[in-house]
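Here are some short notes for a first look at this structure. Please read them with the model open beside you.

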Amino acid sequence: MFDFSYTVWIVLIPFFVFVFLGFWGNRFKPVVSGIIGTSGLFLSWILSIFTAYQYFFVVAKPGEVFQQIIGYNTLWLRLTDKLHIDMGVLLDPISVMMLIVVTTVSFMVHLYSVGYMKGEKGFERFFSILSLFTFAMLGLVVATNIFQMYIFWELVGVSSYLLIGFYYTRDTAVAASKKAFIVTRFADLGFLIGILLLSYFTGTFDFITLTSPTGPAIATPPAVTFLGLSVLTWSMIFIFMGGAGKSAMFPLHIWLPDAMEGPTPVSALIHAATMVVAGVYLVARLFPIYVTVPPALEVVAWVGAFSSLFAAVIACTQYDIKRVLAYSTMSQIGYMMLALGVSGMGGHDGLGYMASMFHLFTHAFFKALLFLCAGAIIHAVHSNYMYEMGGLRKHLPVTHITFLTACLAIAGIPPFAGFFSKDEILVAAFHHNTALFTMEYIVAGLTAFYMFRLYYVIFWGEERTYHHTPHEAPKVMTIPLIFLALGSIFTGFIPFSRLVTSDRQPFGIETEWIVAIPSILIALVGIGIATVMYRKKTALPRKFASALKGFYQTTYNKFYVDELYLFIARRIIFNYISRPIAWFDRHIVDGSMNGISYVTNQASERIRGFQSGQLQQYALVFVSGAVILALLFIYLWT
Amino acid sequence: MSWFLILSSVMFFIGVYGFLIRKNLITMLMSIELVLNSVCINFVAFNKILYPDHMEGMFFTIFIIAVAAAEASVAIAIIINIYRRIVNIDVEKMNEMKY
């Protein structure tokens, strides 16, 4: 057996980089800390690729089941003999795949940031937190047990908070970072409840034990029920709530668009490619249990499908390019959730699972690419608003081509990567549930439409007056773009069904043209409409907007979900829950404390006259006390 | 024996009385010395009566005398400092450390 214990260094290198840059980063020139961060990630990246090669092609025999390998394990916290929390590295197809995704995107983003963040205040702080994030994310994907995952899950949330609030002098950034942290934290409460339920009834945290067909969760599920659903279902739904919060699923999605206040490379890394897919990864990790509880799986499917449709509709009306991309991310993650929700276990039934992981993989490439392109565009024109751009294709040739590649990939045009993975998802949905399939089919058209709306408005259309002539980004920024563009083209050809499957057993798939051709057609229709409306500046978009006035306004305001949250928070929670609690706190809890201090105060007021400062008075009291004691002893003795 | 004890008791109470009544710090210090010396007499007397073969009481007395000398020098140093501050060594004037 090949020794995988070196894999712990994939996780630890970014951690050491974080510590090093965090403590000593400001002693160097900014660019040096950038290079340190980037080269640390480069090492991790190389190790991950090596690990993937070893895992998929050397250790495993062709056609056999991929083993789950514990590469490294250490006892972290021992509470009792039975209850102990380990830290370790679990290698199985999905974690190895995620290692590749995280390190690749993170490395590209590090490299890109060296150019993008040049001259920013807090350059080394940026790199150290970026490394912290990478460490946390890698720790999350290789977690051997659900508790380790939870710890890194929170660590990911913290680093996301720090990075969204990177420009901490801007009020909106501070508000956005708090919003992101509070919303995901609220969702994590569900995750924690789920973990506690699950581990209480099964007696283990360990993923391998939990998900094995003979394990306590699947072979002997606990018989306890609550409100008609088994406790296992409840715990899975609660765990999904945590995943939905991190992955910005409706209705916990409100933090993701605001999170775009962070620097653009952060949006690319955290809010597009890696952290937001943690929820998908979590469901995939516990998938063998989800399969045994269909109601929870239904929840996953419907939440995913609804979120994808909801976000796609909103994305069509937004003007801020990063927000469009944020909603697009949400929509694509909805796809992945849906695919998991319609999947079965094993062989061809597990198509949805495979498709979800496949889409996660390809999406990481093209969505990171889209964000990095958006960063290059913002870098060039100093604006986030798409109507302040136009005709940029002459000024930014590399960005133009790579952005187009990513748009084609996300729209699902063959032979780009998105086509293959999205097609598998649609096939899985098609065989499961027609309603879900129809929703996703519409979303595919909408996706093509809003991506090409963005593309045409930015790169075509008439030129604006810019502060200065937009110029192409430096090499250090365009190289990651080109690399990711190549990824967006070629990752679709990876035979995922031979590598990453629900039961880790390879199976064969073929493209089902009955699903694929209509999906290509609807994507082309979406692109066509976008071309007609936005290729040249026409009155068409405005006419459409005024024809659908009410609906357009609602969509533009994101269906008023934020306002609804505010209403619930301010009117209902503040008035009917917080106020009585605050009253109780002020008058009962504080009141009793104040009463005690009042009594003490009064008592000391009374007796303070004894402290007169007259030495001889004290001495007199002391002597008389001694005399009284002496007399007492004598009296008792005799 | 009883004469020793009577002497030491008388010295002790004169010392306590002086400490409580006199307002001059130096006199109060002298009163404390009186109290210490009465204790020394007790030590010596009891040692002589109860354990004539042993010398512990004597040694203890010597210790007390040495410690008393040190204590007196410290006390006088403090008194000199106080005098420099308020040009007075009346104990009733030194009442700043009160409530």
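1. Start with the two chains. Ten residues of chain A are in contact with eleven residues of chain B. On the chain A side of this contact, five residues are polar, four are nonpolar and one is charged. Keep in mind that the model is predicted.

2. Next, look inside chain A. Helix 3 of chain A covers residues 93-116, and helix 10 of chain A covers residues 264-273. Their axes come within 9 Å and cross at roughly 165 degrees. Angles over 145 degrees count as roughly antiparallel, so helix 3 of chain A is roughly antiparallel to helix 10 of chain A. The crossing of these two helices is right-handed.

3. Which residues of helix 3 of chain A meet helix 10 of chain A? They are A:Val101, A:Val105, A:Ser106, A:Val109, A:Tyr112, A:Ser113 and A:Tyr116. From helix 10 of chain A come A:Thr264, A:Pro265, A:Ala268, A:Leu269 and A:Ala273. By class, this contact has nine nonpolar residues, three polar and no charged.

4. Now return to the two chains. Helix 24 of chain A contributes A:Gln616, A:Ala619, A:Leu620 and A:Val623 to the contact. Helix 1 of chain B contributes B:Val16, B:Phe19 and B:Leu20. Six residues in this helix contact are nonpolar, one is polar and none is charged.

Definitions and conventions: Residues are numbered from 1 along each chain as its sequence is written. Chains are lettered from A and ligands numbered from 1 in the order in which they are written. This is a predicted model: local features need pLDDT of at least 70, side-chain atom pairs count only at pLDDT 80 or more; totals for chains, interfaces and linings use all residues. Two residues are in contact if their C-beta atoms, placed from the backbone, lie within 7 Å. Ala, Val, Leu, Ile, Met, Phe, Trp, Tyr, Cys and Pro count as nonpolar, Asp, Glu, Lys and Arg as charged, and the others, Gly among them, as polar. Axes are lines fitted to C-alpha atoms, for helices over the stretch in contact, and angles run from 0 to 180 degrees between N-to-C directions. Helices (H or I, at least four residues) and strands (E, at least two) are DSSP runs, numbered from the N terminus. Angles under 35 degrees count as roughly parallel, over 145 as roughly antiparallel, 65 to 115 as roughly perpendicular and the rest as oblique. A crossing is left-handed if the near helix is turned anticlockwise from the far one by less than a right angle, and right-handed if clockwise.
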